[in-house]
Amino acid sequence: MTTMDLTGRTAIITGASRGIGLAAAQAIAAAGGNVVLTSRSQESADAAAAEVGGAALGVAAHAVDADAARRCVDLAIEKFGSVDILVNNAGTNPAYGPVISQDYARFQKTFDVNLWAPILWTALATEAWLGEHGGAVINTASIGGLGFEANLGLYNASKAALIHLTKQMALELSPRVRVNAVAPGVVRTRLAAALWQEHEQLLNDATALNRIGEPEDIGAAIAFLASDAASWVTGETMVIDGGQRLGDAALFRKGPVAGA
Ligand SMILES: NC(=O)c1ccc[n+]([C@@H]2O[C@H](COP(=O)([O-])OP(=O)(O)OC[C@H]3O[C@@H](n4cnc5c(N)ncnc54)[C@H](OP(=O)(O)O)[C@@H]3O)[C@@H](O)[C@H]2O)c1
């Protein structure tokens with residue numbers, strides 16, 4: 001029988017002090033899992049762990065700090081006995097505008113956090129636990145990685161590469177470790193505030209399911225992919241966007257244009 005019960009499993013979730021990462025930690029904890037939540041600040045990580053409650057631990061670790069990442073993996077095993085689930089969720093977007101207007105510093109930060117960090121953390125977790133015992137890795141990509149948008153080209157390129165990397169790692173770590181990704185649409189978080197805050201109603205109208213996403217929508221999908229209910233799923237990218245990629249739903253609700 002397949003189940004979404006995560007009792008006895010331990011998950012590390014990077015970038016979990018708020019937003020999608022915190023919601024993923026809450027969903028995994030609700031399914032019975034132990035959770036280790038990372039953030040760049042110990043204070044924020046502790047606050048998020050306290051919000052989850054139960055078997056939750058906050059750890060300060062910049063996503064690309066290899067020493068901090070290694071300490072975090074070791075700490076998770078020391079405290080909970082295993083690392084069965086890794087959620088590579090920390091993400092950043094310092095680069096707004098056409099790709100040819102960007103500089104190397106913004107390129108480097110984008111690709112370091114969004115692409116290198118998932119490789120680094122997956123390597124460490126595989127070496128410490130997953131390689132021998134098996135488990136699941138979930139990468140937070142974006143629907144931006146599946147298409148083209150003005151001003152978000154560099155960020156979207158990093159997410160397209162993460163979707164590719166998800167498949168590559170699914171093959172390299174098979175058959176013991178499943179590697180999947182989620183591709184959220186616009187979700188109500190701080191990172192995406194510029195995409196929804198000033199025109200939420202317009203976005204709601206344009207979305208088939210009539211609302212932007214909440215972090216919990218993505219957290220639930222991550223918990224599913226982490227669980228045995230997804231035990232025959234690997235290399236996939238699950239789009240969770242309320243239908244945003246289908247096109248402008250408002251045009252369909254209004255019916256055909258008169259005279260056309
Ligand atoms: N919201 C959306 O519409 C949307 C859509 C598609 C994909 N995504 C992806 O979802 C993921 C989570 O973003 P979010 O929307 O939930 O944003 P958010 O609410 O702003 O949360 C971002 C989280 O990442 C942490 N973080 C940022 N930079 C970090 C770094 N260098 N090292 C470690 N932690 C870091 C932040 O913690 P501290 O600031 O405390 O360090 C925070 O916990 C990202 O990968 C993002 O690209 C979001």
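Predicted model: local features only at pLDDT ≥ 70, side-chain atom pairs only at ≥ 80, totals over all residues.
Reader: How many helices and strands does the protein have?
Author: Both kinds are DSSP runs numbered from the N terminus: helices are H or I with at least four residues, strands are E with at least two. Counted that way, the protein has 9 helices and 7 strands.

Reader: What radius of gyration does the protein have, next to that of a compact globule?
Author: The radius is taken over C-alpha atoms, and the globule rule is 2.2 Å times the number of residues to the power 0.38. For 260 residues that rule gives a value near 18 Å, and the protein agrees, with 18 Å.

Reader: What share of the residues in the protein is buried?
Author: Buried means under 20% relative accessible area, exposed means over 50%, and partly exposed is in between (1.4 Å probe, protein chains only). Out of 260 residues, the buried share is 49%.

Reader: Among contacts between residues at least 6 apart in sequence, what share joins residues at least 24 apart?
Author: A contact here means heavy atoms within 4.5 Å. Of the contacts between residues at least 6 apart, the share joining residues at least 24 apart is 71%.

Reader: Why do the rings of Tyr104 and Phe107 count as stacked?
Author: Rings of Phe, Tyr and Trp (its six-membered ring) pair if their centres lie within 6.5 Å; planes under 30 degrees apart are stacked, over 60 edge-to-face, the rest tilted. The count comes to 2 aromatic pairs. In Tyr104 and Phe107 the centres are 6.1 Å apart, and the pair is stacked because the planes meet at 25 degrees.

Reader: Which residues form one aromatic cluster?
Author: Phe107 and Phe111 sit 4 residues apart in helix 4, about one turn. Their ring centres are 4.6 Å apart with planes at 25 degrees, so this pair is stacked too. Tyr104 is exposed at 56%, Phe107 partly exposed at 36% and Phe111 buried at 18%. The one aromatic cluster consists of Tyr104, Phe107 and Phe111.

Key
Residues numbered from 1 in each chain as written. Heavy atoms only, no water.
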